[in-house]
Amino acid sequence: MDFASLLSAQLGKSKQPPTASGPKKYLKRSELEAQRLEEYEAEQKRAEDEARSRQEKKRRLEEDEAEKAKAREDKRRKLAEESKKIREEEEREEERLRRKRLGLPELPEIKQIGSAEGTPVPEDEDVLDEELCMKLRALEQPAKLFGESHVGRLKRYKRIVDKSLAPVMSNGPIPTILELVPEAEMKVPDSIPTDLEACKYLHRQLASYFTMVLSEWQVALAGRDQAVKTSTSGKAAYSAMLQARDNMVPLFRKLEKGEIEKSILGPVVEIVRCCQRRRYVDANDAYLRLSIGKAAWPIGVTMVGIHERSAREKLHESDNAAHIMSDEITRKFLQSIKRCLSFAQTRWPPDDQLQLMG
């Protein structure tokens, strides 16, 4: 073999493509990117599998804990029911023995009616089914419902009766259980009555008058122009009305319960009476006596000697105390009464211009 053939054979061997079995010496950029993407996807899949396994393990632990807690709660409830039943039976047996020893009549048996509800109904509270149906018809209610037992019918009747006996709230600015009187009957007496029924009627009159004033106040504010409503003064007037309405709620609650103090009730009645007669200056004077009072306001040194001076006892009089200083709630509803007084003189102006407050 000559040199030319050897050289051509060697050159042909170097130009042969690499076999598929061996690794490539050089890789394309696309191949590197595909390899990196495969490694990333494999890593993400491995992380997802680990997270899924952790969540599954946590879920199984939570289910086990929930089952154990439910079992403990059921066991505790059953033990409580059994102990309560045993205690009631023991108490009933002791009461039965005591009645037998003292010669008293036997205890009435508790009859189980309606096993579907499982609620014991004492015999003294039970009503015959025919009578119960008649009572339901008298209340304009269906006598029987589909699938309803006697116990369910009795419970429905009691719910209807309790709802009908519940106090009805009024629809005024301040809802109250007091029955409001018409405007023609709102005129309050000159003095506080001593009779209980008359006092209750007086409370109804006061609640009715303040409800009327607040309602008229709301109507007057609602009838303003839109430009006035959106102005600063218009918003301030509306806020004052809302604040007065909210602050008068404790006064209405005191009137409902009849717990308002006589030292406050008397001046309030005087204020309302003067407003109804359109004597607003006199009403303002009554408000000042109620809020500030006539108590002396000492300034400086009040005890300068060992001897008792004249008029010193006026510093500690309780009859002339200022109620506006007693507590925050009283101060707020007294100020609300003053705001109602200011609105009343604009809504119902007096015939005598001298009775207009400044």
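The model is predicted: local features need pLDDT of at least 70, side-chain atom pairs count only at pLDDT 80 or more, and totals for chains, interfaces and linings use all residues. Residues are numbered from 1 along each chain as its sequence is written, and side-chain values use heavy atoms, leaving out hydrogens and water. Helices are DSSP runs (H or I, at least four residues), numbered from the N terminus.

**α5 with α9**
- Helix α5 (residues 196–222) packs on helix α9 (residues 262–276) at an angle of about 55°, with the axes 11 Å apart. Axes are lines fitted to C-alpha atoms over the stretch in contact, and angles run from 0 to 180 degrees between N-to-C directions.
- That angle makes α5 oblique to α9 (under 35 degrees is roughly parallel, over 145 roughly antiparallel, 65 to 115 roughly perpendicular, the rest oblique).
- From α5, the contact (heavy atoms within 4.5 Å) uses Leu202, His203, Leu206, Tyr209 and Phe210. From α9 come Leu265, Val268, Val269, Val272, Cys275 and Gln276.
- By class, this contact has nine nonpolar, two polar and no charged residues. Ala, Val, Leu, Ile, Met, Phe, Trp, Tyr, Cys and Pro count as nonpolar, Asp, Glu, Lys and Arg as charged, and the others, Gly among them, as polar.

**α5 with α7**
- The axes of α5 and helix α7 (residues 232–247) come within 11 Å and cross at roughly 160°. That makes α5 roughly antiparallel to α7.
- Leu214, Trp217, Gln218 and Leu221 of α5 meet α7 residues Ala237, Tyr238, Ala240, Met241, Ala244 and Arg245. The contact divides into eight nonpolar, one polar and one charged.

**The largest cavity**
- On a 1 Å grid over the protein atoms alone, a cavity is a set of points where a 1.4 Å probe fits but cannot get out; a pocket is an open set with protein on both sides within 12 Å along at least five of seven lines; lining residues have an atom within 4 Å of a point.
- The whole structure has one cavity of 30 Å³ or more. The largest cavity has a volume of about 40 Å³ (the space filled by probe spheres set on the points, which are joined across faces, edges and corners).
- α11 (328–347) gives the most to its lining, with four residues. The lining has 10 nonpolar, no polar and no charged residues.

**The second largest pocket**
- The second largest pocket has a volume of about 230 Å³.
- α5 and α9 each supply at least two residues of its lining. Among the lining residues are Tyr209, Met212, Cys275 and Gln276.
- By class, this lining has seven nonpolar, one polar and four charged residues.
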